[in-house]
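Please read these notes with the model open beside you. They take up a few charged pairs and then the chain as a whole.

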Amino acid sequence: MRHAALLVTMDDARREIEDGAVFARDGVIEAVAPTGELPPQMGHADEVIDARGQIVIPGLVNTHHHFYQTLTRAIRPAQDAALFDWLRTLYPRWARLTPEMVQVSTQTAAAELLLSGCTTSSDHHYLFPNGCRLDDSLHAAAEIGIRFHAARGAMSVGESAGGLPPDSVVESEAAILADTQRLIETWHDPARHAMQRIVVAPCSPFSVSRELMRDAALLARSFGSAHGVGLHTHLAENDSDIEYTRRSFGCTPAEYAEQLGWLGPDVWHAHCVKLDRAGIEMFARTGTGVAHCPGSNMRLGSGIAPIRAMRDAGVPVALAVDGSASNDAGHLLAEARLALLLQRVAGGATAMSAREMLEIATLGGARVLGRDDIGALSPGMSADLVTIALDEIGLAGAVDDPLAALLLCHVPSVRHGVVNGRVVVRDGRISTLDLPRLLERHQRLARALLT
């Protein structure tokens, strides 16, 4: 890729290069420099993308999603519900998921992410009815070409045992742990530049037991730190979540996590809207990460997560769109803009800058996912990048600072997207599958869940 109007590296020096170029071989970046300074032999690549009039940024990293929820967007009974009532409304519909629905929704959600600047995503899948398996998502993600952290979620405590989900969608804890181990041994790639990894991810304090949380952490860590098996769950999402944890376990969510081994640099929690000061200090001390989901938090009326306080304390913070039935969108660049503006609502105009938000959406996501190979454009990093044309009407007049304009102005479209050196978005279109045909199947399956 060469002749970028501006190449934003997010490297250690935070270089922003005019007339910038990137050269990659076998999915790994070898050179980043002004176009005229690339060695001559690098001008003869198998494929050259001319990025004139475009800004190039590292691929964005999405750290929390529920891909299957693209099938149940804007369901009428759930449109104005808070978290627990929203879940109770949708659990019965999700209980009818099929393997085909999982495959199609995975590719639909991944396509939306890729078209919005995302190149790496985690997906937290925690329902497995009717023969569904996480393998369905893994195969589908590999086909479309997104870098993928598949989180093997689970629910084991149903309504009859005091949990939130209906008994029909919970699993036995022995089966959960056995399948999670199978997935790690079958799919998890610990190498740098890996395209697929497995995450151990019991759903939430109100849907699994303390014993499963403890055993899940032990399972993930039994593979050793070099294997890079992460831990993920929901935590401290809203007031009802806090009340449930206090009533059921006699502690705060952060204390609950600490008691069960769910703190550390191999752990990240989604939402954390209601994480108190003591919890923030605990997360900072242990390097525990947070996936910030501003759109979902607003949509469900959960509140504004204290991201400024977390960052100032040293908590690793990343960005996420959350599920497409609670956001109800999956556009990661739009989510970054929302996160930026929401922090200013909470803390004033200086609470968050555009460059800091881009850092959260790239390097922040890489750190939370336990990766040192994505989030920046520099030699030795994965060739994950996107280009955005600067001639869109929503960016007209934004000539002083195009980078800030990406987050302060109208949300632009992605022109090209590259993952692991493979062009997956070309001229604004998904290049790895037939998107209109996929969406036709998706709509048919979504209607089936309404009946």
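**Notes on the charged pairs and the fold**

1. R88 and D85 form a salt bridge, with their closest N and O atoms 3.2 Å apart. A salt bridge here is a side-chain nitrogen of Lys or Arg within 4 Å of a carboxyl oxygen of Asp or Glu. The two residues are three apart in helix α1 (residues 83-94), so about one helical turn separates them. R88 is partly exposed at 43% relative accessibility, and D85 is partly exposed at 47%. Buried means under 20% relative accessible area, exposed over 50%, and partly exposed in between (1.4 Å probe, protein chains only).

2. This is a predicted model, in which local features need pLDDT of at least 70 and side-chain atom pairs count only at pLDDT 80 or more, while totals for chains, interfaces and linings use all residues. Residues are numbered from 1 along each chain as its sequence is written, and side-chain values use heavy atoms, with hydrogens and water left out.

3. R147 forms a salt bridge with D384, the closest N and O atoms being 2.8 Å apart. This pair links distant parts of the chain, 237 residues apart: R147 is in strand β7 (residues 147-154), and D384 is in the loop between α12 (354-368) and β13 (385-389). Helices (H or I, at least four residues) and strands (E, at least two) are DSSP runs, numbered from the N terminus. R147 is buried at 0% relative accessibility, and D384 is buried at 4%.

4. How many salt bridges does a search of the whole structure find? The search finds 28. Of the 451 residues of the chain, 60% count as buried.
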